[in-house]
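Hi,

Here is the structure I promised to pass on.

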Amino acid sequence: MLDPIGVPPFLRDAINPLTNLLHLHTLPLHVHEVIISYVFYTLLNNVVAPHFSACLLPEIYGEFPLRTKLQWNIHITSFVNSTFVSMAALYVLYVDQDRLSETWEERMWGYTGLGGMVQAFGAGYFVWDVQVCLSNLETLGVTDLLHAVVALSIAILGFYPFGLYYGIQYALVELSTPLVNIHWFLNKMNKAGSTFQIVNGMLLIVTFACCRLIWGSYLTLVFFRDVWTALHAPQPSWTEYKYSSSEKPLTLEHQAPWWLAATFMISNAVVMSLSAFWFTKMIATIWNHIDSPGNQENKSS
């Protein structure tokens, strides 16, 4: 399917020299969506989230120190992004019949405008994420920065195009992120150990394990298989990309470079390792809430 939000020709032409130099051949078709996404999440974090939090939760948000307000606004932005991206990915998987692929060439080099749109909105979010992590490194830590940089690298290099078929499916790992944010919000609203938080925590563990660990590991393995095949292909592949109903398709020759394959494989390994690390911390945190003195009193009464 085509991208429903067409790129302004002047913007596409302006960025073409840079993207051709970097071999990001489909980025000019979606650069406007990267910009829109970045601006949207910047405004959401800096303006919308603080304003509505202060209006709706004046006693709670107003008492937060600056550090907690910063984290609260970031979690709201993360909640909005993860909800949108996961729902958008499900929509693409359901309606975009053009992305159905039977060969490794189609899976590695395939591209649709609708999938590229979701990829671009995700890239814009991670541009914002890297900026926020760099400017608040002491508060957010190196782990968050590492995740943001790796995620942005995958999103941008996907415009080669490379692995968009898997990228849309991998976006489903974000299904667990809204629950992570809800758990954090309940902590800050003095609802730690509440029935709501415990139920949310159980759903979080199941969703995180299924989406990030099981589904993510499966996608990593089958993706690595196709990457290996692409690296050892005896000859280049040719792919035609239809991105507009009024312009001729874009035709590209593909030969998988080792540096690109290595970047994707290392990035996926880092993300999966971080997911396993966060899962262990998540279980420990939720178990502490279940086993907290207040919750024990509720059980005995």
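A definition to start: the patches below are built from residues with over 30% relative accessible area and no salt bridge, joining like charges within 9 Å and nonpolar side chains (Val, Leu, Ile, Met, Phe, Trp, Tyr) within 5 Å. A salt bridge here is a Lys or Arg side-chain nitrogen within 4 Å of an Asp or Glu carboxyl oxygen. Areas are Shrake-Rupley values with a 1.4 Å probe, and for residues only the protein chains shown count as cover.

Bear in mind that this is a predicted model: local features need pLDDT of at least 70, side-chain atom pairs count only at pLDDT 80 or more, and totals for chains, interfaces and linings use all residues. Residues are numbered from 1 along each chain as its sequence is written, and side-chain values use heavy atoms, with hydrogens and water left out.

**On the surface**

Ile35, Val39, Leu43, Val47, Val48, Phe52 and Leu56 make up a nonpolar surface patch, together about 630 Å² of accessible area. Ile35 sits in helix H2, residues 31-56 (helices are DSSP runs of H or I, at least four residues, numbered from the N terminus). With 41% relative accessibility, Ile35 is partly exposed; buried means under 20%, exposed over 50%, and partly exposed is in between (1.4 Å probe, protein chains only).

**Inside**

The largest nonpolar core has 47 residues, and Met108, Trp109, Phe162, Tyr166, Phe223 and Val227 touch the most other members. Helices supplying at least two residues each include H4 (66-95), H6 (113-135) and H10 (195-231). A separate, second core has 15 residues, among them Leu70 and Trp128. (A core is a set of buried Ala, Val, Leu, Ile, Met, Phe, Trp, Tyr and Cys residues joined through side-chain atoms within 4.5 Å.)

**Aromatic rings**

Phe, Tyr and Trp rings (the six-membered one for Trp) pair when their centres lie within 6.5 Å; planes under 30 degrees apart are stacked, over 60 edge-to-face, and the rest tilted. That rule gives 21 aromatic pairs. Tyr125 and Trp128 have ring centres 5.3 Å apart and planes at 40 degrees, so they are tilted. Both are in helix H6, about one turn apart, and both are buried.

Tyr160 and Trp259 are edge-to-face, with centres 6.5 Å apart and planes at 75 degrees. Tyr160 is in the loop between H7 and H8 and Trp259 in helix H11, so this pair ties together parts 99 residues apart in sequence. Tyr160 is buried at 12% relative accessible area, while Trp259 is partly exposed at 46%.

Cheers
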